[in-house]
There are 4 protein chains.
Amino acid sequence: MTATSLPTPVGYSLPLSPSGTSAMITPPPWHFAGDVIMVDYRVDPDAAARFLPPGLDLGPDPGAAAAVFAEWQWCSESGAELADPATCQFTEFLLLIGCSHEGRPMARCPYAWVDQPVPLVRGWIQGMPKQFGAIHQTRPKPVGVAGQRPAPGERFHGSLSVSGRRVAEASVKLTGLADEPPVLHTVPLVHTRYFPAWTPEDEPVSELVTSEVTGVEFTPVWRGVADLRLFDVLDGDFAALAPVEIGAGYVFSYAETLQGGRLLGS
Amino acid sequence: MTATSLPTPVGYSLPLSPSGTSAMITPPPWHFAGDVIMVDYRVDPDAAARFLPPGLDLGPDPGAAAAVFAEWQWCSESGAELADPATCQFTEFLLLIGCSHEGRPMARCPYAWVDQPVPLVRGWIQGMPKQFGAIHQTRPKPVGVAGQRPAPGERFHGSLSVSGRRVAEASVKLTGLADEPPVLHTVPLVHTRYFPAWTPEDEPVSELVTSEVTGVEFTPVWRGVADLRLFDVLDGDFAALAPVEIGAGYVFSYAETLQGGRLLGS
Amino acid sequence: MTATSLPTPVGYSLPLSPSGTSAMITPPPWHFAGDVIMVDYRVDPDAAARFLPPGLDLGPDPGAAAAVFAEWQWCSESGAELADPATCQFTEFLLLIGCSHEGRPMARCPYAWVDQPVPLVRGWIQGMPKQFGAIHQTRPKPVGVAGQRPAPGERFHGSLSVSGRRVAEASVKLTGLADEPPVLHTVPLVHTRYFPAWTPEDEPVSELVTSEVTGVEFTPVWRGVADLRLFDVLDGDFAALAPVEIGAGYVFSYAETLQGGRLLGS
Amino acid sequence: MTATSLPTPVGYSLPLSPSGTSAMITPPPWHFAGDVIMVDYRVDPDAAARFLPPGLDLGPDPGAAAAVFAEWQWCSESGAELADPATCQFTEFLLLIGCSHEGRPMARCPYAWVDQPVPLVRGWIQGMPKQFGAIHQTRPKPVGVAGQRPAPGERFHGSLSVSGRRVAEASVKLTGLADEPPVLHTVPLVHTRYFPAWTPEDEPVSELVTSEVTGVEFTPVWRGVADLRLFDVLDGDFAALAPVEIGAGYVFSYAETLQGGRLLGS
């Protein structure tokens, strides 16, 4: 018996296996539904520009940035993951920088953290630079003294810790409904899909991509007065994106379906 | 200088410290707001009876039991904890057995698990036998394919793992609104406050107590068809409370304020 | 059938159950074996004194203190826990203050953190004020560039984070064997066993106790140059115990058996 | 100001940043030092063959397999990671299957789990199919009743849980020193470096590679009587690799330096 007469192990991702059912990542589409706390802020435009690869520029609003906390539930096309809440939920924190590609406003995500391994690896496949962190945010509850809910005067909080160090904290005190969602949550994300070389024959994968998204839903968006602190406990590159000014905060729920990627350049 | 001329270190709980601010547990009242998935089921009444201490009997409905998943947000009187979502949230799984004290219907909690240390210790102060577990449950989301919300046909799931072993799984497929909350969530809990002896001079603390609760709020209660599995991976005493029949499932949000305890016997 | 004719549920601790096998905590003796990184330091004696209850004074060396990182393996008398490494291991960080009871040198532990729930609750039974933290320390490895082992020039590191905030960091660069173990690791610990009141009829349990320890074993103790930082991210009482001077560091392994408690006062 | 006049963000891996210091993964070489518990076992050779891609066959000993628990400490060339034990340690569980490439005996790793994100992503760069799990194993301690150490009669245990379900358990009761290390720990690993496509223009990365390893060190290898259980809680492909026979167990420490990869085919 030789292995070469057998089918090749398969899968959308590692681990490859005879039937493909062992793959850590299921193929897209992936459905996401989440609760979001978002704070607009401004960074030094020069610092922001240094995070943009060739093909992107700072666009119409240099220095626009945002910090986003989100608590997600997700599933693949079959919806099977929803039956095991131990695997279909994750939290996320990301920074966004306003930018432009060939005149089209987009958002660049220089840093992202999640608390589960599947979205981390799925992020790398798309080019989102997800690392591991502990993200906590106020959960809306419809009843009780301890239950915040979207209404004037209510406060929502978020925090990110990485390797046991507090990296970010934000809060939003709601004042009323917003006319529209925050800009950086409405433009497409542009990522660098990057996979390092390993053997001398390899070239790294390096592609400028955006995501094909459908099924976008927003609840009414609440707006408020925000605070945001990024602590200088990581490297200097991260520290360069600290707020120089803090804008409005937002609280809303959001859903989308991620269908796949589209190449912008390489 | 001698320590004896100084004030005694103080605090509601350990750690005691000069000003009392180091205590792990803040004094009651404690406010709770949570999302609940609950499944009524029936156990062998003989098995249930063996979990009741003197002073309690099985009451009007021998063998009535329930499994409860809850995701809580909590705060002390000041509300200060709400500013740090890393500390004001926890998940809980508990079993309840219907019982009666001097003719008053109550519920006994033979087993409980939480995922955070503060509610674990706070539980022991009240007599709730909380241990550590990983509890996950469907989170209601108002939008999206991946976002369950209370409506006919929607499914809610919960799971408990302890030390890396799956202990319980439940699901509820909603059919409509219930006329009233599930019985075992409306009667008072009766606990045995128990603190072991340590020195030869000690007697263990052992008291039959109930809790003084105010500020109870329910959202509309959804009802549905339920499933419940308790896996035989713990000890035989736990296994004796496995379902002999599974009843209705419920999904609702709930809030209460825990004011303190009341002695029923010792 | 009435519950009152049945045996009372039993157990060394909660949860009480028909046979007692559900108790979270097994009765002593408890055997411990661990790897220790310890740093002697000095605190303001006035600050230390404020942590001492009546009956204790600062003793022969006011201001003596230590920070201790330990990675433990433990078992009950039967040794059964050793078969499941998911439950028989924990890490610990504690502060110690030198003190004296009726002229006998002892050590007071004002703060302690562990990363597992069983040692947390077991600590409260003894009066150790254990809370939950993430403790990491260099693990001795006998081979490799990445494997520190006790030898001159080797560095051992420890860190404590609580709720995602870095609280303590220490390092020791070994210089040679010590003549004897660090003093605060050789004197008995004196704790306040404290369990809050809950009902109006309750008095809190409050006893000054020490522990009965047998089976003490030390490996050779390595000594070196130490660093220690306590970050001001908790309350002011904790901050008052920050180092005013840093002494020697130590690396060793240690074992003991904890047999029970002895009452010193109440 | 346009971004195109600025240097491209760089890094060995995502996140790319202006200076490259934000990369989650540092470039090789990577030094590893670990404690290993390993159990030889046999699988159905037909099942094993289905996990081999073209270019590999079952080699000289069809059905040879092993389960490996390891607790690692690691660092990059600078050794900087060793100063933060919160980031330089991880645990690992993997299965190995004996195979052959062009007549050279090698080992194939169909499944691997680690408890930290950096080794997970680093694994994917090399083609190791690492997922996230909770791995626990007996830690050797030189003293105490609760401290196992390599010696006849001592028992070492390991367990793997994934998403709160127990997946694997092993134990080894030592009988004496082995003449040599277990075979599957001495042959090179052969991986499929696989990175999914994302845009319509992409081809997945798919390469057969082996690793360039230097600095191999073994402590004396202890041998003993082993047990191994793989529980059927994952998919059928994993279940097909369950033991049909269990061989010897081994306990040892091991170090290596991973220098990079070598292409065997694509």
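Select Asp84(A) to begin. At 12% relative accessibility, Asp84(A) counts as buried, because buried here means under 20%. Keep in mind that this is a predicted model.

**Stop 1: the partner of Asp84(A)**

Arg165(D) forms a salt bridge with Asp84(A). The closest N and O atoms are 3.4 Å apart. This pair crosses between chains. On the chain D side, Arg165(D) sits in strand β9, residues 165–177. On the chain A side, Asp84(A) lies in the loop between β3 (64–76) and β4 (89–101). Is Arg165(D) buried or partly exposed? Its relative accessibility is 23%, so Arg165(D) counts as partly exposed. In general, side chains of opposite charge can pair when their charged atoms come close.

**Stop 2: a pair inside chain A**

Select Arg166(A) and Glu169(A) next. They form a salt bridge, with the closest N and O atoms 2.9 Å apart. Arg166(A) is buried, at 7% relative accessibility. Glu169(A) is buried too, at 13%.

**Stop 3: from chain C to chain D**

Go to Lys141(C) and show Asp35(D) with it. A salt bridge joins Lys141(C) and Asp35(D), and their closest N and O atoms are 2.9 Å apart. Here again the pair crosses between chains. Lys141(C) is in the loop between β8 (134–137) and β9 (155–162) of chain C. Asp35(D) belongs to strand β1 (residues 30–42) of chain D. How accessible is Lys141(C)? Its relative accessibility is 2%, and Lys141(C) counts as buried. Asp35(D) is buried as well, with a relative accessible area of 9%.

**Stop 4: a network**

Select Asp84(A), Arg166(B), Glu169(B), Arg229(B) and Arg165(D) together. Salt bridges that share partners join these residues into one network. Over all chains, the structure holds 52 salt bridges.

**Stop 5: where chain C meets chain B**

Colour chains C and B apart. In this pair, 78 residues of chain C are in contact with 78 residues of chain B. The area buried between the two chains is about 6,100 Å². Carbon and sulfur atoms give 69% of that area.

Now look for charged pairs. Between chain C and chain B the count is four salt bridges. Show Asp84(C) and Arg165(B): they form a salt bridge, with the closest N and O atoms 3.4 Å apart. Polar contacts between chain C and chain B number 18 residue pairs, both residues being at pLDDT 80 or more.

Stay on the side of chain C that touches chain B. Elements giving two or more residues to this side include α1 (45–49), β11 (189–195), β12 (205–218) and β14 (245–265) of chain C. Which element gives the most? Select α2(C), which gives six residues. By type, the residues of this side divide into 44 nonpolar, 21 polar and 13 charged.

**Last stop: the two copies**

Superpose chain C on chain B. A rotation of 180 degrees does it, with 0.0 Å of shift along its axis and an RMSD of 0.0 Å. The two copies are thus related as by a two-fold rotation axis. Check the interface residues too: 100% of those of chain C are also interface residues in chain B, so the copies meet through the same surface.

Methods:
Residues numbered from 1 in each chain as written. Chains lettered and ligands numbered in written order. Predicted model: local features only at pLDDT ≥ 70, side-chain atom pairs only at ≥ 80, totals over all residues. Heavy atoms only, no water. Salt bridge = Lys/Arg side-chain N within 4 Å of Asp/Glu carboxyl O. Helix = DSSP H or I, 4+ residues; strand = E, 2+ residues; numbered from the N terminus. Buried < 20%, exposed > 50% of the residue type's maximum accessible area, 1.4 Å probe, protein only. Contact = heavy atoms within 4.5 Å. Buried area = accessible area lost by both parts, 1.4 Å probe. Polar contact = N/O pair within 3.5 Å; in protein donor to acceptor, adjacent residues only side chain to side chain. Nonpolar A, V, L, I, M, F, W, Y, C, P; charged D, E, K, R; others polar. Least-squares fit on C-alpha atoms with pLDDT ≥ 70 in both.
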